[in-house]
Amino acid sequence: DQKEFLNGAKIAYETIITDFSDSDNKLISSKPLLNKEIYNQFNEALKERNARGHYAEITFIGVNSATIKEHKKINKILNVTVDFIGEVITCIKDKDKKIISGDPKKIKKIYDTWVFSRDTTSVNPNWQLVNILT
């Protein structure tokens, strides 16, 4: 059911973005939502951020829209591409809490295209983020 899928996709989107942008520089709540490759990419970015002594602060305002762009089944794998438009307040601070980038008072629109995937033969009903298209 498309509506149900999109509701789940919105929750996943918020969870992943919030987890990637919180101040602990660790992926915790979003780990089961990411495939290995994406998890590793995110983790590397977080390690770099940590090494620089930077921290992200984010306030997730909401998802303006989530639209299914395409879905394809390759063998037993179902891939669904979703266009998201979200709103966030975000900034990066250094260890002295100085703002390096972003604006803690400004709502910013973000445009993302994410690919979610699941194995239709798996007992696990969960989708995973497998690709981020820019």
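Predicted model: local features only at pLDDT ≥ 70, side-chain atom pairs only at ≥ 80, totals over all residues.
Biologist: Nice place to begin! In strand 3, which residue is the bridge partner of Cys91?

Modeller: Strand 2 and strand 3 are antiparallel. Within that pairing, Cys91 has its bridge partner in strand 3, and that partner is Gly102.

Biologist: And in the hairpin of strand 2 and strand 3, which residue takes a positive phi?

Modeller: This hairpin has five residues between its strands. A positive phi near 65° is found there, and the residue that takes it is Lys97.

Biologist: Over how many bridges do strand 1 and strand 2 pair?

Modeller: Strand 1 and strand 2 form a hairpin with two residues between them, and Asn75 in the turn has a positive phi of about 55°. Ala66 has Phe84 in strand 2 as its bridge partner. The pairing is antiparallel, and the number of bridges is 17.

Biologist: What about strand 4: which residue there is the bridge partner of Asp83?

Modeller: Strand 2 also pairs with strand 4 in the antiparallel sense, over twelve bridges. For Asp83, the bridge partner in strand 4 is Thr113.

Biologist: Now the charged side chains, please! Which residue forms a salt bridge with Lys93?

Modeller: The closest N and O atoms of this pair are 3.3 Å apart, and a salt bridge needs them within 4 Å. The pair links distant parts of the chain, 36 residues apart, with Lys93 in strand 2 (residues 77-93) and its partner in strand 1 (residues 55-74). That partner is Glu57.

Biologist: Is Lys93 buried or exposed?

Modeller: The cut-off for buried is under 20% relative accessible area. Lys93 has 15% relative accessibility, so Lys93 counts as buried.

Biologist: Which residue meets Glu87 in a salt bridge?

Modeller: The N to O distance in this salt bridge with Glu87 is 3.8 Å. Glu87 lies in strand 2 and its partner in strand 4 (residues 108-119), so the pair ties together parts that are 22 residues apart in sequence.

Key: Residues numbered from 1 in each chain as written. Heavy atoms only, no water. Helix = DSSP H or I, 4+ residues; strand = E, 2+ residues; numbered from the N terminus. Buried < 20%, exposed > 50% of the residue type's maximum accessible area, 1.4 Å probe, protein only. Pairing = 2+ DSSP bridges.
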